Amino acid sequence: MSAGVELKDVSVTFGSFFAAKNVNVKIEGGEFFSFLGPSGCGKTTLLRAISGFQDPSEGQVLIDNKDMLGIGPNKRPTSLIFQNLALFPLMTVAENIAFSLEVRGVSKPERMKRAGELLELIALEGQGDKKVHQLSGGQKQRVAIARALAVEPKVLLLDEPLSALDLKLRQRMRTELREIQKRVNITFIYITHDQGEALTMSDRIAVMNEGELEQIGQCDDVYNNPLTPFVATFVGENNPLFGKIKDLSGDEAKIETSDGVFISSIDKSTNLNVGDEAISFVRPESLFMVKDGNDYKNKLSVKIENIEFEGNVKNFYASLYSGSKIKFSVANAIDTSEIEASSQIELCFDTSKSIILPKGALATE
Amino acid sequence: MKSLFFTQPFFQKNGKSVALFFLVAIVFWFIFLVIIPQLYMLDLSFRANIPPLERGGPKDFYTLEHYRHFVFGSKTSADAYNFVDLGVFGRTIIVSIFVTIANLAFCYPIAFYIAKIATPSTARLLIVSLIIPFWINELLRSFALRILFANEGVINNVLTGIGILDQGILFITYDVGLYTGLIYAYILLMMFPLYNAIESLDVNQIEAAKDLGSSTFRTHWRVVIPHAKPGIVSGCTMVFMLTVGALATPVVLSSPNTLWFPQLIYQWFNLNDNWSRGSAYSIILLIVSVVFVLTMMRIFKVRIGEIIR
Ligand SMILES: Nc1ncnc2c1ncn2[C@@H]1O[C@H](COP(=O)(O)OP(=O)(O)O)[C@@H](O)[C@H]1O
Ligand SMILES: [Mg+2]
């Protein structure tokens with residue numbers, strides 16, 4: 001059983017500070033939904049509003065179309081996995097998992113049976129008698145999930161649960177979480193500052209900045225068609241080219257920058273007019289090198305400053321004529337051995353692979 | 001103690017001479033102020049009560065007489081047992097247990113509130129207002145309570161004055177003043193270990209329990225109290241030890257016809273000039289207190305290291 005969660009105009013204030021501001025989002029039952037945003041942007045606050053630990057200063061939280069006002073965390077059909085997991089160190093693994101049943105007065109044999117089933121779900125059969133500190137990081141993670149699932153919640157809330165794990169384990173846990181979600185078939189609301197996590201696991205994501213939702217959508221859509229400069233630079237990497245709109249025609253626009261005039265795609269909803277200040281964004285993987293760029297519309301001439309070998313790709317850091325920096329990546333399969341620091345080369349990009357947005361704050365990371 | 005003696009960092013941080021000074025000071029303190037007097041008392045408790053001048057003379061011999069007296073009473077008495085002293089002793093122990101429990105019950109919610117609910121500024125204010133009364137010495141605090149609880153005291157005057165009661169309640173006669181005074185006397189020694197223990201609990205633990213459907217009571221029972229157990233045992237042992245050995249508070253607040261065991265000890269030492277018997281009674285109290293504390297630690301499965309921490 002899963003339930004939808006709807007936030008209507010939710011604001012949370014601490015004093016005069018808005019930790020969340022006018023948040024509107026409708027999360028469907030059974031969805032894997034992520035809130036993605038930099039640390040301190042209000043993600044935890046929002047999750048606490050859903051779980052009932054934080055009353056919104058304004059607006060409504062609806063779960064299964066029911067207003068949750070005045071309903072405490074222990075009465076909501078949600079289960080929260082804390083950032084630090086908050087397993088009970090003085091209880092055994094099985095007692096941890098069965099705690100929610102214990103407080104509901106379920107008999108001990110029945111509790112332990114259910115704990116056994118859940119241990120099986122998380123591939124820790126027979127380890128119920130261990131103490132929490134005897135488990136590895138990944139195992140603790142899974143116990144926290146099992147403990148949260150024991151209540152049979154309709155919505156599972158996860159507060160950056162993978163942030164303490166090392167890279168390899170984190171990647172494995174992503175797959176595992178997604179699989180568990182499919183198996184138990186309930187709504188997962190996941191928060192993270194790691195865009196890789198959000199993009200790989202989620203059905204949809206909401207990008208959050210300074211308490212506000214900047215964009216909600218499917219992962220590829222948010223990645224390919226960001227609506228704000230913040231989203232463009234926070235989700236994946238993006239090179240900004242600052243300039244003014246020179247011409248508009250359909251879903252393309254001409255932007256004049258100090259490094260040349262470029263034609264990029266533009267979304268009609270952005271409401272830009274000729275003469276407005278704007279930014280054209282090009283991703284590092286969308287820039288390609290050309291020997292003789294005369295045939296291309298969007299040309300940049302750059303001087304290589306630094307080269308970084310990452311394995312599957314090589315990253316090049318270069319400066320433009322105007323002095324602004326640009327990054328581009330080339331798949332390792334392509335031979336780039338003749339390019340070295342201080343080489344002067346030409347780069348191009350497709351109109352469809354760049355996007356013009358109104359001027360605004362970029363993500364700083 | 002162990003950490004002080006055996007860790008190098010203390011030496012490194014403070015330099016050899018300072019560290020050596022502390023080491024010597026502590027050893028001296030322990031030997032001269034704790035061990036030697038106790039051993040002297042232990043020795044005295046097994047000796048006949050004689051004037052100092054006759055020490056080493058024919059009347060100076062070892063005897064169990066003082067311990068025998070505690071149990072069976074004076075040889076000339078008709079009773080089979082020393083009902084009076086045993087009664088005082090038993091009552092002291094039992095009342096002390098209840099005082100300790102009451103102290104715990106009183107301090108736990110406050111300590112929890114200060115540690116986990118109050119804002120930092122409220123918490124500071126509460127801690128200060130708990131501490132300030134203890135700038136006044138124990139004797140004066142007891143007299144203040146006596147003024148409150150006396151038959152013609154503040155409480156009775158107010159209650160009869162506004163007509164709630166026709167007649168004052170005999171707080172002192174029924175030892176209400178004594179119990180209140182004893183609970184109040186060592187409240188900080190319960191409060192601080194409790195506060196420390198609860199303070200170190202991760203708030204997420206409490207919220208996690210709640211999120212899993214736990215009631216407030218059960219959250220305390222299953223999460224907060226187990227975590228705070230070393231603090232609880234530490235507070236209880238200190239309060240019990242000091243209550244059982246309290247003198248000033250009972251002297252001021254006891255009803256005239258009941259005695260607190262340390263008052264009995266005081267009488268043997270000072271009024272009856274029988275240091276040997278006083279020593280024997282002290283040793284009995286010490287042994288029973290230590291046994292009590294060890295039992296408590298056994299029951300609650302707490303090790304001494306956890307208490308000191
Ligand atoms: N109880 C609180 N009192 C005051 N400020 C708070 C409180 N909780 C969070 N904040 C502030 O709200 C902002 C958002 O916090 P949080 O939701 O924890 O961010 P995130 O989880 O995205 O890192 C932060 O600036 C934080 O300092
Ligand atoms: Mg957070």
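Student: At roughly what angle do the axes of helix α5 and helix α6 of chain B cross?

Tutor: Happy to, and keep in mind that this is a predicted model. Two packed helices are described by the angle between their axes and the distance between the axes. So let's get those two values. In chain B, helix α5 covers residues 83-117 and helix α6 covers residues 120-131. Their axes cross at roughly 140 degrees and come within 8 Å. There is a handedness too: the crossing in which α5(B) passes α6(B) is left-handed.

Now look at who touches whom. From α5(B), the residues in the contact are Ile110(B), Tyr113(B) and Ile114(B). Across from them, α6(B) brings Thr122(B), Ala123(B), Leu126(B), Ile127(B) and Leu130(B). Sort these by class and you get seven nonpolar residues, one polar and no charged ones.

You'll find Asp273(B) in the loop that links α14 (261-271) to α15 (275-299). Chain A has a case of this kind as well: Ser342(A), again not a glycine, has a positive phi near 70 degrees. Ser342(A) sits in a loop between two strands, β18 (325-331) and β19 (344-348) of chain A.

The residues around ligand 1 include Phe14(A), Phe17(A), Pro38(A), Gly40(A) and Lys43(A). By class, this shell has five nonpolar residues, five polar and one charged. Both β2 (17-27) and α1 (43-51) of chain A give at least two residues each to the shell, and α1(A) has the largest share, with three.

Some polar contacts show up here too. Thr44(A) has a polar side-chain atom 2.6 Å from an oxygen atom of ligand 1, and for Thr45(A) the distance from a polar side-chain atom to a ligand oxygen is 2.5 Å. Cys41(A) takes part through its backbone, with a polar atom there 3.2 Å from an oxygen of ligand 1. As for how covered the ligand is, it exposes 560 Å² when taken alone, and the protein buries 57% of that.

Methods: Residues numbered from 1 in each chain as written. Chains lettered and ligands numbered in written order. Predicted model: local features only at pLDDT ≥ 70, side-chain atom pairs only at ≥ 80, totals over all residues. Heavy atoms only, no water. Axes fitted to C-alpha atoms, helices over the stretch in contact; angles between N-to-C directions. Helix = DSSP H or I, 4+ residues; strand = E, 2+ residues; numbered from the N terminus. Left-handed = near helix turned anticlockwise from the far one by under 90°. Contact = heavy atoms within 4.5 Å. Nonpolar A, V, L, I, M, F, W, Y, C, P; charged D, E, K, R; others polar. Near = heavy atom within 4 Å. Polar contact = N/O pair within 3.5 Å; in protein donor to acceptor, adjacent residues only side chain to side chain. Areas by Shrake-Rupley, 256 points an atom, 1.4 Å probe, with all protein chains shown as cover.
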